Every structure is written in C-alpha cells, then in structure tokens.
Amino acid sequence: MDIKGIAKNLHPLERKVVPFLQISSTLGSLVKTTGMKEVEVMRALQWLSNKEILTIKEEETDMLKLGKNGKLYKEKGLPERRFLNSIKEFPFTISKIIEKAGLHPTEVNICIGTLKSKAAINIRKEDEMIISITDPGKAILSKETLEEKFLKKEFPINMNDLKEEEKFAYENLKKRKEIIELIIVKTRSVELTSLGKELLKIKLTGQNIIDKLTPSMLKSKSWKKKEFRGYDVSINVPKIYGGKRHFVNQAVDYIKKIWLEMGFVEMTGNMIQTSFWDLDSLFVP
C-alpha cells in the first residue's frame with residue numbers, strides 16, 4: 001500500500017499521535033505533548049506498530065522511592081538524630097528521651113544499636129537506664145550523615161544514577177523498615193521505521209476525513225463534503241475463539257474416556273436403563 005493510502009487509513013487516535021513522534025519518543029512524553037490519555041496513546045502506538053510504522057521498546061529500570069517512614073524522617077529527621085538532640089545537654093532516662101524526641105517505642109532499640117556502634121552514647125544502669133552523649137556523638141550532631149543527605153534528595157531516584165556515597169547510604173537505610181523501597185519501572189519508547197519517517201512528511205492534521213456517520217451529518221448532508229477513512233482489512237488483529245464445548249459434555253467425555261480405558265465398551269440402542277442396573281448392580285462406587 002502506498003504512503004497516502006496508509007495515511008488515509010489511520011485511526012483518529014493514530015492521526016493525533018503521529019505528528020508528535022518526531023519530538024517525543026517515550027510514552028510519558030507523548031501523553032504530555034498530545035494531551036491524550038495514556039491508554040489512548042498506548043492503543044495508537046500498538047496500532048502503528050502493527051502497521052510497521054514504528055517499533056515499541058520496553059525497558060525496566062530499578063527506581064528508589066521513599067517509604068512511609070522515609071517520608072516521616074525526611075520531614076522530622078532520622079530517629080537517631082532526634083535521640084541525640086534530646087540528650088545533648090543532659091543525660092536522660094529512656095522514657096524521657098522517648099517523650100522529648102517524639103520517638104515510637106519500636107525506634108528506641110534501633111537508635112541505641114546504631115549510636116552505640118558509633119560510640120556516640122554512654123549507657124549506665126541505675127534504677128532505670130540513663131543515657132548520655134559522648135564526644136563522638138556531639139561530632140555526629142555537628143554535621144549531616146550520608147543517610148540524612150540521601151533522604152533530602154528528590155525521589156524517585158534511578159539506581160544507576162547513584163554515586164558511591166549514596167549507594168553506601170542506601171545500603172544502610174534499606175536494612176531498616178519502610179524507609180527506602182525498590183520499585184521496577186517499565187519505560188516504553190518508540191522508534192520510527194523508514195515507513196514512519198515517510199508518513200511524517202504528510203500533513204495529517206486538518207484533513208477533512210471522517211470514520212463514522214452521525215444523524216446530524218445525514219440530516220445536514222455535510223458528509224458529502226468529507227472523505228471517509230479507509231479500513232485495512234489485511235492488518236493483523238488478535239484472534240478470538242468464542243465457542244467452546246459445554247462443560248457437561250466435557251464431563252461426560254472425561255468419564256467415558258476413563259471407562260473405555262478400563263475395558264468397557266460403548267454401545268447404542270433404544271433401551272433406557274435405570275441407575276440400579278447401570279451402576280448399583282455393577283458395584284460402581
């Protein structure tokens with residue numbers, strides 16, 4: 001089929017998408033530039049792919065996004081920093097630290113374990129456990145940690161774009177509950193074929209082409225001034241198998257097959273047998 005014939009056969013959705021294929025190559029950018037819904041753009045791209053006007057490529061990318069706790073910590077700060085801030089002037093008991101730092105009881109053990117590994121706190125036991133800050137702990141308060149810097153970034157983040165120190169921060173944060181989540185994002189991009197590049201040379205917008213008649217068109221006879229869209233009956237379409245055997249017939253055939261394999265013979269005749277002679281007298285369970 002010649003290029004003009006292909007242009008005439010384009011669906012209205014395809015007609016809207018084609019002019020933007022030269023400036024937009026991904027599904028997301030096409031949705032923005034065309035102002036169409038994502039499902040409409042995807043449908044048009046699939047039809048154009050069937051006509052060998054373009055090829056669709058799908059890539060999977062590992063992306064990082066903030067979890068529930070990650071969003072909270074980005075706003076309020078990491079629990080261990082709030083923990084240290086609460087004791088930077090005076091030592092306090094665990095219950096007082098929880099109150100001052102606004103911590104959840106489940107976060108306390110994480111804070112103690114993390115800060116103890118960095119020699120940031122001292123713990124002494126009296127009637128109740130009392131915790132004080134150390135010089136290394138004060139040094140931690142004086143600067144941002146790699147984890148805190150990482151949480152300030154704009155999410156989602158492409159895993160491939162992480163620097164070495166950001167990878168280190170991610171490895172530490174991913175061990176903790178609902179701070180950083182790894183998601184797989186599918187990206188669809190399109191590439192024009194030689195046929196598609198030829199199609200771009202044809203002006204598709206503003207053409208007086210219609211693909212259906214409406215009552216108002218028939219009444220006003222305005223359809224006489226328009227050109228009808230052609231339909232390509234040779235294009236590949238999904239095969240639909242609508243018919244299937246009834247489930248009762250399937251069950252009968254299944255049972256029949258078992259009995260025939262056991263040595264029974266199927267016979268025909270005009271006599272109807274009761275279930276007693278058919279089954280009970282033969283000791284069929």
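Notes on the source. The model is predicted, so I kept local features only at pLDDT of at least 70 and side-chain atom pairs only at pLDDT 80 or more, while totals for chains, interfaces and linings use all residues. Residues are numbered from 1 along each chain as its sequence is written, and side-chain values use heavy atoms, with hydrogens and water left out.

Entry on salt bridges. I count a side-chain nitrogen of Lys or Arg within 4 Å of a carboxyl oxygen of Asp or Glu. My search of the whole structure gave 16 salt bridges.

I then looked at Glu164 again and found its side chain in a salt bridge with that of Lys167, at 3.9 Å from N to O. Both residues lie in helix H11 (residues 164–173), three residues apart, which is about one turn of the helix. Helices here are DSSP runs of H or I with at least four residues, strands are runs of E with at least two, and both are numbered from the N terminus. Lys167 is partly exposed at 37% relative accessibility.

Helix H14 (residues 247–261) holds both Glu261 and Lys257, four residues apart. I noted a salt bridge between their side chains, 2.9 Å from N to O. Glu261 is exposed at 58%, and Lys257 is partly exposed at 49%.

I also noted the salt bridge of Lys51 with Glu14, with the closest N and O atoms 2.8 Å apart. Lys51 lies in the loop between helix H4 (38–50) and strand S1 (54–66) and Glu14 in helix H2 (residues 12–17), so the pair ties together parts 37 residues apart in sequence. Glu14 is buried, at 1% relative accessible area.

Entry on aromatic pairs. I pair rings of Phe, Tyr and Trp (its six-membered ring) if their centres lie within 6.5 Å; planes under 30 degrees apart are stacked, over 60 edge-to-face and the rest tilted. I found four aromatic pairs. The rings of Phe150 and Phe155 are 5.6 Å apart at their centres with planes at 85°, so this pair is edge-to-face. Phe150 and Phe155 are both buried. Trp223 and Phe228 form a tilted pair, 6.4 Å centre to centre with 45° between the planes. Trp223 is partly exposed at 28%, and Phe228 is partly exposed at 36%.

Technical notes: Buried means under 20% relative accessible area, exposed over 50%, partly exposed in between (1.4 Å probe, protein chains only).
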